[in-house]
Amino acid sequence: MKKYITDEKIGLNYTLVNDVYLPNLISTEKNYEIGHWGRGHLDYIMKYHKVFYTSLKTNCKLNSYLHDVDVRASEMYGHLVNQLKEQQCITEQLKTVDMMAWVQAMNNITNQAREITNINIIFHI
């Protein structure tokens, strides 16, 4: 038996391993680093959207999809924090005058932005 064969119809190469031909599969997906938001979305789709997760994984699109989710969520979160700070008049002056009030306000703002980002991007398909 030949060590390597090629199926001309579909263009796959096979290697003989223990009397069985196995396809030579190579991932064409780029390997992006996935941040906090992307990992959160990954957990969500693995738990609640298994078919979608499997489809992304088998089509070598999972990493790029999660990278896109991570980028969109990071941008949305940063934009929301700045927008909420502006709406609630949280300034550096407040930080110098009353540090505890500034910390409380910023904690409130970051929690609001995190919740909005989770609802609109992370826990949404």
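1. On the basis of the note: the model is predicted, so local features are taken only at pLDDT of at least 70 and side-chain atom pairs only at pLDDT 80 or more, while totals for chains, interfaces and linings use all residues. Residues are numbered from 1 along each chain as its sequence is written, and side-chain values use heavy atoms, with hydrogens and water left out.

2. On the sheet: three strands form an open sheet in the order β1-β2-β3, with antiparallel pairing. Strands are DSSP runs of E with at least two residues, helices are runs of H or I with at least four, and both are numbered from the N terminus; two strands pair if DSSP finds at least two bridges between them. β1 (4–7) and β3 (20–23) are the edge strands, each with a single partner, so one side of each has no neighbour in the sheet. On average, neighbouring strands are turned by 35° against each other, direction ignored.

3. On the pairing of β1 with β2: the two strands run antiparallel and are joined over 4 bridges, one of which links Ile 5 to Tyr 14 of β2. They form a hairpin with 4 residues between the strands, and in its turn Gly 11 has a positive phi of about 75°.

4. On the pairing of β2 with β3: strand β2 (residues 12–17) is joined to β3 by 4 bridges, again in the antiparallel sense. Tyr 14 has Pro 23 as its bridge partner in β3, and Leu 16 has Tyr 21. This hairpin has 2 residues between the strands, and Asn 18 takes a positive phi near 50°.

5. On Thr 15: this residue lies in strand β2 and counts as buried because its relative accessibility is 14%, where buried means under 20% relative accessible area, exposed over 50% and partly exposed in between (1.4 Å probe, protein chains only). Leaving aside residues up to four places away in sequence, Thr 15 touches Lys 3, Tyr 4, Val 20, Tyr 21, Leu 22 and Asn 24, a contact being heavy atoms within 4.5 Å.

6. On helix α1: the buried residues of this helix are Trp 37, Gly 38, His 41, Tyr 44 and Ile 45. They cover an arc of only 120° around the axis, which puts them on the same side of α1; the arc is that of the directions from the helix axis to the C-beta atoms. The face turned away from this buried side carries the exposed residues His 36, Asp 43 and Lys 47. The buried residues pack against α2 (50–58), α3 (62–87) and α5 (99–122).

7. On the packing of α1 with α2: these helices meet at an angle of about 115°, with their axes 5 Å apart. Axes are lines fitted to C-alpha atoms, for helices over the stretch in contact, and angles run from 0 to 180 degrees between N-to-C directions. From α1 the contact is made by Leu 42, Ile 45, Met 46, Lys 47 and Tyr 48, and from α2 by Lys 50, Phe 52, Tyr 53 and Leu 56.

8. On Phe 52: this residue of helix α2 counts as partly exposed because its relative accessibility is 28%. Not counting residues up to four places away in sequence, Phe 52 touches Ile 45, Tyr 65 and Ile 125.
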